[in-house]
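I opened this structure to get my bearings in it. My notes follow in the order in which I looked things up.

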Amino acid sequence: MTLILNHTVVRASDKERAARFFADLLGLDVGAPVGPFTPVQVNADLTLDFDHRGPVAAGHFGFLVDDATFDVLLERLHDRPQIPFGSGPEGGWDRRINRLCGGRGVYVGDPDGHSYEFFTAVPE
């Protein structure tokens, strides 16, 4: 069986601002509105649909990225001191990365309390 996550809804207090925040982290485009959603196409298979309807509950979204993407992301984070990022739950927003599973990882906080995790290696 093939199973691919195609889209997920990310609740936000301001869907345009939240979509722009995420897209800017990775150099992605914010798509034209689709119904009540502001979409960001992450890759060929996945879209994050930002939605301001309903209550916002902080979520966690983890992304496996290549080293080049990680390097560009880290550079963007260092250039934006207002964005909280850090090595993880135990390190908090210490503006450092972790080196779990033989790779590198970082957690980024968004204005609605979501955490986006970007990592370059997964456990074997």
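Entry 1, the model. I noted at the outset that this is a predicted model.

Entry 2, the sheet. I looked up an open sheet and found 3 strands in the order β1-β3-β2, with mixed pairing. β1 (7-11) and β2 (38-41) are at the edges; each has a single partner strand, so one side of each has no neighbour in the sheet. From one strand to the next the twist averages 25°. I then checked how β1 meets β3 (residues 47-51): the two run parallel and are joined by 5 bridges. Within this pair I found V10 opposite F50 of β3.

I compared the length of α1 with what its residue count predicts. At 1.5 Å a residue, its 12 residues should span 16 Å, and the end C-alpha atoms are 17 Å apart, which agrees. At the start of α1, I found a side-chain oxygen of D14 within 3.1 Å of the backbone nitrogen of E16. After the helix comes G27, which has a positive phi near 70°. I listed the buried residues of α1 as K15, A18, A19, F21, F22, A23, L25 and L26. I also looked up their packing partners, which are β2, β3, β4, α2, β6 and β7.

Nonpolar side chains tend to be buried together in soluble globular proteins. I turned to the largest nonpolar core here, which has 27 residues. Which of them touch the most other members? They are F22, L25, F50, F63, Y116 and F118. At least two residues of this core come from each of α1 (15-26), β3, β4 (60-64), α2 (67-78), β6 and β7 (115-119). α1 gives the most, with 7 residues.

I located S87 in the loop between β5 (85-86) and β6 (105-109). Is S87 buried or exposed? Its relative accessible area is 17%, so I recorded S87 as buried, the cut-off being under 20%. The side chain of S87 makes a polar contact with the side chain of D94, at 2.7 Å. Not counting residues up to four places away in sequence, S87 touches G92, D94, R96, I97, N98 and Y107.

How values were computed. Residues are numbered from 1 along each chain as its sequence is written. This is a predicted model: local features need pLDDT of at least 70, side-chain atom pairs count only at pLDDT 80 or more; totals for chains, interfaces and linings use all residues. Side-chain values use heavy atoms; hydrogens and water are left out. Helices (H or I, at least four residues) and strands (E, at least two) are DSSP runs, numbered from the N terminus. Buried means under 20% relative accessible area, exposed over 50%, partly exposed in between (1.4 Å probe, protein chains only). A polar contact is a pair of N or O atoms within 3.5 Å; within protein, one must be able to donate a hydrogen and the other to accept it, and residues adjacent in sequence count only if both atoms are side-chain atoms. Contact means heavy atoms within 4.5 Å. Two strands pair if DSSP finds at least two bridges between them. Axes are lines fitted to C-alpha atoms, for helices over the stretch in contact, and angles run from 0 to 180 degrees between N-to-C directions. A nonpolar core is a set of buried Ala, Val, Leu, Ile, Met, Phe, Trp, Tyr and Cys residues joined through side-chain atoms within 4.5 Å. The expected span of a helix is 1.5 Å times one less than its number of residues.
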